[in-house]
Amino acid sequence: MSRHPAPEELLLDYVAGALPAGPSLAVALHVSLDPHSRRMVERLNALGGALIEREPAAEVAVGDDDAALERTLARLGEISVERRPTPGARLSAAFDWAPAPLVPHLRPGMGWRRVLGKFDEIRLDLPGDFHRVSLLRLEAGRGLPQHKHSGYEYTVVLQGGYTDETGNYGVGDFAVGPGSVRHEPIADQGEPCIAMIVVEQPIVLTGPVGRWLNPLVSRGLI
Amino acid sequence: MLSADEAADLIEAIATRQDRAAFASLFRHFAPRVKAFIMRGGADAEAAQEVAQEALIMVWRKAASFDRTRASAATWLYTIARNKRIDHLRRNNRPAIDTEDWLTVFAPEDADADKSVLAGQTYTRVKELLGGLSADQLVVIEKAFFEDKTHTVIAEELKLPLGTVKSRIRLALGRLRDALEKDEP
């Protein structure tokens, strides 16, 4: 079981389909790695099913339903029943740490980009979402520059682990909070720490050197 | 009425022999319910009808991915209808994202060994549980599911402190967990 699960009210937001794409992907990754949260999501889906089943049929003029059924049946001719998907379609070994919900967002040509000489980043583009969605990779023992955010920050660990003022986070662990708290995560010993971070922009660097780089960050150059 | 077992049989009939009569039975049962469900969120009848039809067509296409040991037909349909609603909203307000992304999240591949939630039992218990929630708890749960609002937005709408809404959600989900854990090893 995860030591740092996503809060239950956030799982409800996720199951209800209320989260923007970025935070929703962060929760999906956590859920795919954490059996405890996955069970809760299955229960919540069942709650959604019970709410649908409890619905009385919508009031419609007599015959409308039959017409809708006829139209739909007519469309089935050109839509085939798909075969059961074969699991295990993975990307190259470079992304062997990526859980299933992340795979559709990765492309073979994607590579890590060095940022500030301190960490590596792959920026993900989720259309229509205002969040900044990134995969970050930190070598063991290295830290992220001290920073804070103006909005909420969601983090899910995909490989290795890190430690900050709030605790130690391993694979599958989830952190969410107002980013206004300054924090300085340090990667644990062992393999590099890879995490997906979703933040409401912008990030503000707070260290003595970092402060001077903020104009570049706000323009999206870093 | 359609029992959970009957509905699962119908989906399997589509998967194994593209059974159009089975599809028609599923459609008659679920399309009006999905439509009513979507309309509770404020959608007009035409939009809700479209979401319901798209959802049922997805049931046809993806029938082979349905696994009755993991989810009841109604639960599976809920996840499909929710995704279709998200697609619909994004088509109107935001660029579309591929529905397939969402469907893969709970594909059977991550089933591993934890099939501890027996689909049929879960679903029956959840239905019982809904009747046992307090009015305060039910309002919050319904707003989330019907209107796809986050708990933060619900707190604003109900003019309640965020902490109050969080605790109502946790109480409701706590009851859900307690009720279901009797069924789990």
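Helix 1 of chain A and helix 9 of chain B are roughly perpendicular to each other (angles of 65 to 115 degrees), because their axes cross at roughly 80 degrees and come within 9 Å. Helices are DSSP runs of H or I of at least four residues, numbered from the N terminus, and axes are lines fitted to C-alpha atoms over the stretch in contact, with angles running from 0 to 180 degrees between N-to-C directions. The model is predicted: local features need pLDDT of at least 70 and side-chain atom pairs pLDDT 80 or more, whereas totals for chains, interfaces and linings use all residues. Residues are numbered from 1 along each chain, chains are lettered from A in the order written, and side-chain values use heavy atoms, without hydrogens and water.

Within this helix pair, A:E8, A:E9 and A:L12 meet B:K166, B:I169, B:R170, B:L173 and B:R177, contact meaning heavy atoms within 4.5 Å.

The contact between the chains takes 65 residues from chain A and 78 residues from chain B. About 6,700 Å² is buried between them, 62% of it on carbon and sulfur atoms; buried area is the accessible area (1.4 Å probe) lost on putting two parts together, summed over both.

Ten salt bridges (a side-chain nitrogen of Lys or Arg within 4 Å of a carboxyl oxygen of Asp or Glu) are found across the interface. One of them joins A:E82 to B:R61, with the closest N and O atoms 2.9 Å apart.

Conventions:
Helices (H or I, at least four residues) and strands (E, at least two) are DSSP runs, numbered from the N terminus. Angles under 35 degrees count as roughly parallel, over 145 as roughly antiparallel, 65 to 115 as roughly perpendicular and the rest as oblique.
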